[in-house]
Amino acid sequence: MRKLFFLVVLLAAAFIWGDFSKIDDLKDMLLLSGKKNIVVMGCDIRKDDVGRSDTLFVVMLDKDKDKAALLSIPRDTRVKIKDRGWDKINAAFAYGGHTLTEETVQDFLGIRLHNYVVVDFQGFKDLVDVIGGVDINVEKRMYYYDPYADFEINLRPGMQHMDGKTAMQYVRYRDEEGDIGRIRRQQKFIMALYKQIASKNIIAKIPGVSKQIMSMIKTDLSLKEMVELGKVMHDMLEKDGLKMAMVPGEPEYINGVSYWIPDIPKMRQQMAAMQDVKMSEKFNENTKKLEQEYKGSLKK
């Protein structure tokens, strides 16, 4: 049963196999598809606010080769959102929920997405509490206060045993590195959370953890698929088969607003490598078109 919970580690950061062709048979063959791709959205959903996907990543699985990869997408990444124009990618969830987020991520990365998972941050906080907390070495002094959300981050450096509230502070803290530093901390926390969930101490807490898992996520994956994926991900991590990456680019201010500006050609090459496929002629043409459109939008 512990192997099921590894999938939740991926779903919380913010976490049936078919026969997939190397290049998905879609119109003009514009999307790469060499692995099972699941987009994960970590959202702060409130009663009076649909929220935004403050944590966004894609899990890419290759069962045959026992390989897996996790691609983090900075929430400030500037993208084109259908019927909304150019905006930060995390705004797609506010505009159209998981459906528009899936469509936006798919068009941006150029890969076929097969499933989605939405994780409520409140559920993530409760999960950490249910498993008894997580040990994390805090790299430096972290302090921030958001009066709008009445949310405070107040952490001191050193090894700490974090409960759900403290864990939320750690994974959401942004320093001078912006989203980049936060993504590194989120990936670090994923591994720490996995170690705790995979430990023998979790056995007695399985009923509570199972209940919390089901309450914190919304997905089109069936329970059977989640169990199978959890087992595969657990086995891959044990074999050191999980690789973590981030959309390449650089920060930039546009009209006083902070964005992450992606390197389109490099990103698309990264996608082909992570999908373990070759870039088709149509895919290359689509990439060049996207790069030109992107550059043109920055000049306006």
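**Close-up views of a predicted model**

**View 1. Asp76 and Lys88 join side chains in a salt bridge, with N and O 3.3 Å apart.** A salt bridge here is a side-chain nitrogen of Lys or Arg within 4 Å of a carboxyl oxygen of Asp or Glu. The partners sit in distant parts of the chain, 12 residues apart: Asp76 is in the loop between strand S3 (67–72) and S4, and Lys88 is in strand S5 (residues 85–88). Helices (H or I, at least four residues) and strands (E, at least two) are DSSP runs, numbered from the N terminus. Both Asp76 and Lys88 are buried; that label means under 20% relative accessible area, with exposed over 50% and partly exposed in between (1.4 Å probe, protein chains only). This is a predicted model, in which local features need pLDDT of at least 70 and side-chain atom pairs count only at pLDDT 80 or more, while totals for chains, interfaces and linings use all residues. Residues are numbered from 1 along each chain as its sequence is written, and side-chain values use heavy atoms, leaving out hydrogens and water.

**View 2. Lys80 and Glu293 form a salt bridge, their closest N and O atoms 2.7 Å apart.** Lys80 belongs to strand S4 and Glu293 to helix H9 (residues 281–298), so this pair ties together parts 213 residues apart in sequence. Lys80 is partly exposed at 47% relative accessibility, and Glu293 is also partly exposed, at 32%.

**View 3. Arg185 meets Glu139 in a salt bridge (4.0 Å, N to O).** Arg185 lies in helix H5 (residues 179–198), and Glu139 in the loop between strand S7 (134–138) and strand S8 (142–146), 46 residues apart. Arg185 counts as buried at 3% relative accessibility, whereas Glu139 is partly exposed at 42%. Through shared partners, salt bridges join Glu139, Lys140, Asp175, Arg185 and Lys188 into one network.

**View 4. Helix H3 (residues 121–130) has the buried residues Phe121, Gly123, Phe124, Leu127 and Val128.** Their arc around the axis is only 155 degrees, which puts them on the same side of H3; the arc is that of the directions from the helix axis to the C-beta atoms. Just after H3, Gly132 has a positive phi of about 95 degrees.

**View 5. Strands S13 (residues 249–254) and S14 (residues 257–262) run antiparallel, joined by 6 bridges.** Strands pair if DSSP finds at least two bridges between them. Ile254 stands opposite Val257 in S14. The two strands form a hairpin with 2 residues between them, and Asn255 in the turn takes a positive phi of about 55 degrees.
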